[in-house]
Amino acid sequence: MTDSLESTTRRVPWLAVTAFVLLACGLAWLVALPLWLGDGLAEPFTGVLLPVMMWTPAVAALIVTFAMRVPPRGGRVRFLGLWPLRPAKRVVWLIVLGWLAPPLLIGVSILLAAALGFVTLDPTFGGFSAEFAKMLPAGVPMPPVEVLVISQLAMIPLGALINSVFAFGEELGWRGWLVPALRPLGTWPTLLISGAIWGFWHSPVILLGYNFGRTDITGVLFMIGGCVAWGILLGWLRLRSASVWPAVIAHGSLNAAGGLIVIFAASQPDLALAGPLGVAGWIVVTVVVLVLVLTGQFRRQPELAGTQGRLLSPPRS
């Protein structure tokens, strides 16, 4: 790569990045506004608005791509990691890893949370049974709790694929557009900054008590911490594969398995400590990231399309 080409491809398009972040966060607040004007998460249409909100990063990415021409025409599909899926074998294996690994990591985080005293586990699933019974209409008999638990666990792989449809809306923005746009900064600044922005984007619903039940800045800070941690793994899948699809599947799998702790906890846990996006999750993900670093996995990155439409080699970081 010549010096002139290096200088044209290794710049962050800061104006486009700023526009993308403002659009993604602004649209998220706009979608969540009816919740703020109503009864918050108790509104009956919350289950509709939350999936819609997940598509706001994709809308922001498409607006910036076509209105500001970042990336320029000709390399957009490759820049966003949609196509081509090369090398196909690596992409497929990383998709499978993204599909199966999050539930396993969440399971380990539950065990760690119990070991640290963040949660008390109930092998009889009494807490889960009590919560499920509250949702049954009057007069409907309670199924055997073992059947419920097995069915919930068995549905996670399918749930991961279903959740990936909505996760695609986020990933097209975060790992599809933002990560390659920031990549000239280096691997670690890219992953940390994009993860922090991803966490902050959740503010409209976090401040209503979503995820952690905290309606102040601490909830947002915990979410930023969780998204930075998991964002490193999702970002690694993106950079290691040069494709957005492994991150899409991993995000869907994370969402599908995120409620596992409710099944095993004796009572409602503090998710800021025991949840997959809480302290226990941070510790488990950090260990995995250290293993990837020590085995050189972050140094093995294929070329991505740069913001000038040319291939961009992995920067020194």
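A residue counts as partly exposed when its relative accessible area falls between the two limits, buried being under 20% and exposed over 50%. By that definition Trp36, at 36% relative accessibility, is partly exposed. Please keep in mind throughout that this is a predicted model.

Let me turn to the aromatic rings. A pair of aromatic rings is described by the distance of the centres and the angle of the planes. The count here comes to 12 aromatic pairs. In one of them, the ring centres of Trp29 and Trp36 are 5.5 Å apart and the planes stand at 40 degrees, so this pair is tilted.

Phe79 belongs to helix α5 and Trp177 to helix α9, residues 156–182, so the pair ties together parts that are 98 residues apart in sequence. What is the accessibility of these two residues? Phe79 is buried at 1% relative accessibility, and Trp177 is buried at 0%. Both belong to one aromatic cluster, formed by Phe20, Phe79, Trp174, Trp177 and Trp201.

A charged side chain also meets a ring: Arg175 lies over the face of Trp198, at 4.2 Å from the ring centre.

Leaving aside residues up to four places away in sequence, Ser203 touches Trp29 and Val220. Ser203 is part of helix α11, residues 203–206, and is buried, with a relative accessible area of 4%.

I move on to the backbone. Which peptide bonds are cis? One joins Trp83 and Pro84, with omega at about 0 degrees; another runs from Arg86 to Pro87, with omega near -10 degrees. Pro84 lies in the loop between α5 (76–79) and α6 (88–115), and Pro87 is found in the loop between α5 and α6 as well.

Arg69 is exposed, with a relative accessible area of 59%, whereas Ala242 is buried at 14%.

Two or more lining residues come from each of α3 (46–53), α9, α10 (187–201), α12, α13 and α14 (260–264), with α3 giving the most, 4 residues. By class, the lining of the largest pocket holds 18 nonpolar, 10 polar and 1 charged.

The second largest pocket has a volume of about 240 Å³. Residues lining this pocket include Phe128, Phe132, Met155 and Ile263. Here α7 (126–135), α13 and α14 each give two or more residues, and the largest share, 3 residues, comes from α14. How does this lining divide by class? There are 9 nonpolar, 2 polar and no charged residues.

Thank you for your attention.

Terms used. Residues are numbered from 1 along each chain as its sequence is written. This is a predicted model: local features need pLDDT of at least 70, side-chain atom pairs count only at pLDDT 80 or more; totals for chains, interfaces and linings use all residues. Side-chain values use heavy atoms; hydrogens and water are left out. Buried means under 20% relative accessible area, exposed over 50%, partly exposed in between (1.4 Å probe, protein chains only). Contact means heavy atoms within 4.5 Å. Rings of Phe, Tyr and Trp (its six-membered ring) pair if their centres lie within 6.5 Å; planes under 30 degrees apart count as stacked, over 60 as edge-to-face and the rest as tilted. A charge sits over a ring if NZ of Lys or CZ of Arg is within 6 Å of the ring centre and within 35 degrees of the ring normal. Ala, Val, Leu, Ile, Met, Phe, Trp, Tyr, Cys and Pro count as nonpolar, Asp, Glu, Lys and Arg as charged, and the others, Gly among them, as polar. On a 1 Å grid over the protein atoms alone, a cavity is a set of points where a 1.4 Å probe fits but cannot get out, and a pocket is an open set with protein on both sides within 12 Å along at least five of seven lines; lining residues have an atom within 4 Å of a point. Grid points are joined across faces, edges and corners, and a volume is the space filled by probe spheres set on the points.
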